[in-house]
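Visitor: Please walk me through the charged side chains in this protein.
Guide: Gladly. Have a look first, then ask.

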Amino acid sequence: MTEARRLRVWALAKALKAHGYAVEIAESLPLLAVPAACGSPVVVRCDRRAICGGELWFVFAGGGAIAPADDAHIPDAVVAVKGRLAAQADG
């Protein structure tokens, strides 16, 4: 299952890079980090969500579900990451 999670993180990273963001992908865990202009990086994991029948979801590290980790919801995840980065920049 970890391979599927890594593939989903890779797909999200590719989409974020297409929007001009620098993205760091962890080698051993299914997560990525997007450095912020100020403050901590935005970290996103891909995990199974029990409340959704064990479906893979993107979630912010530290809590906060983003969207299902499928191709149809990649744009939603990109918007959520961009929003989190903007909120951190606004302070």
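**Arginines and their partners**

Guide: Arg 45 and Asp 47 form a salt bridge, with their closest N and O atoms 3.0 Å apart. A salt bridge here is a side-chain nitrogen of Lys or Arg within 4 Å of a carboxyl oxygen of Asp or Glu. This is a predicted model, where local features need pLDDT of at least 70, side-chain atom pairs count only at pLDDT 80 or more, and totals for chains, interfaces and linings use all residues. Residues are numbered from 1 along each chain as its sequence is written, and side-chain values use heavy atoms, with hydrogens and water left out.

Visitor: Is Asp 47 buried or exposed?
Guide: Buried means under 20% relative accessible area, exposed over 50%, and partly exposed in between (1.4 Å probe, protein chains only). Arg 45 is partly exposed at 22%. Asp 47 has 19% relative accessibility, so Asp 47 counts as buried.

Visitor: How many residues apart in sequence are the parts tied together by Arg 8 and Asp 71?
Guide: Their side chains meet in a salt bridge, 2.7 Å from N to O. Arg 8 lies in helix H1, and Asp 71 in the loop between strand E5 (65–68) and helix H2 (74–90). Helices (H or I, at least four residues) and strands (E, at least two) are DSSP runs, numbered from the N terminus. The pair therefore ties together parts that are 63 residues apart.

Visitor: Which backbone oxygen does the side chain of Arg 8 reach?
Guide: Contact means heavy atoms within 4.5 Å. Leaving aside neighbours within four places in sequence, Arg 8 is in contact with residues including Cys 46, Leu 56 and Phe 58. At 2.9 Å, its side chain reaches the backbone oxygen of Ala 69.

Visitor: Which ring has Arg 84 over its face?
Guide: A charge sits over a ring if NZ of Lys or CZ of Arg is within 6 Å of the ring centre and within 35 degrees of the ring normal. Arg 49 lies over the face of Trp 57, 4.4 Å from the ring centre. Arg 84 lies 3.7 Å from the ring centre, over the face of Phe 60.

Definitions and conventions. Polar contact = N/O pair within 3.5 Å; in protein donor to acceptor, adjacent residues only side chain to side chain.
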